[in-house]
Amino acid sequence: MTTSRRLADRKVVKFEKNITKRGFVPETTAKKGKDYPVGPILLGFFVFVVIGSSLFQIIRTATSGGLA
């Protein structure tokens, strides 16, 4: 057998091993836990801005007599 044929056979064996492993994800690489994509400070700031702006709008509407 020539060297290139041996290398080709080795690649085929590796490829066939990968085919049989397809779809099986080890437990260590899967994410577990309740990790949020944003930090708690950013989330708090967002809530502060949304609630603050809605309160500001309510107060402004109430003081202007409802005619924004």
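Figure 1. At 48% relative accessibility, Arg5 counts as partly exposed, a class lying between buried (under 20% relative accessible area) and exposed (over 50%), judged with a 1.4 Å probe and protein chains only. Asp9 is likewise partly exposed, at 29%. This is a predicted model, in which local features need pLDDT of at least 70 and side-chain atom pairs count only at pLDDT 80 or more, while totals for chains, interfaces and linings use all residues. Residues are numbered from 1 along each chain as its sequence is written, and side-chain values use heavy atoms, with hydrogens and water left out. An α-helix has 3.6 residues a turn, so residues three or four places apart point the same way.

**Figure 2. Helix α2 and the residue that follows**. Helices are DSSP runs of H or I with at least four residues, and strands are runs of E with at least two, numbered from the N terminus. The protein has 2 helices and 0 strands. Helix α2 (residues 40-63) contains 24 residues and spans 34 Å from first to last C-alpha, close to the expected 34 Å, which is 1.5 Å times one less than the number of residues. Just after α2, Gly65 adopts a positive phi of about 85°.

**Figure 3. The nonpolar surface patch**. Val38, Phe45, Val50 and Ile58 are among the residues of this patch, which has about 1,200 Å² of accessible area together, by the Shrake-Rupley method with a 1.4 Å probe, where for residues only the protein chains shown count as cover. Patch residues have over 30% relative accessible area and no salt bridge; like charges are joined within 9 Å, and nonpolar side chains (Val, Leu, Ile, Met, Phe, Trp, Tyr) within 5 Å. Val50 lies in helix α2 and is partly exposed at 40%.

Methods. Salt bridge = Lys/Arg side-chain N within 4 Å of Asp/Glu carboxyl O.
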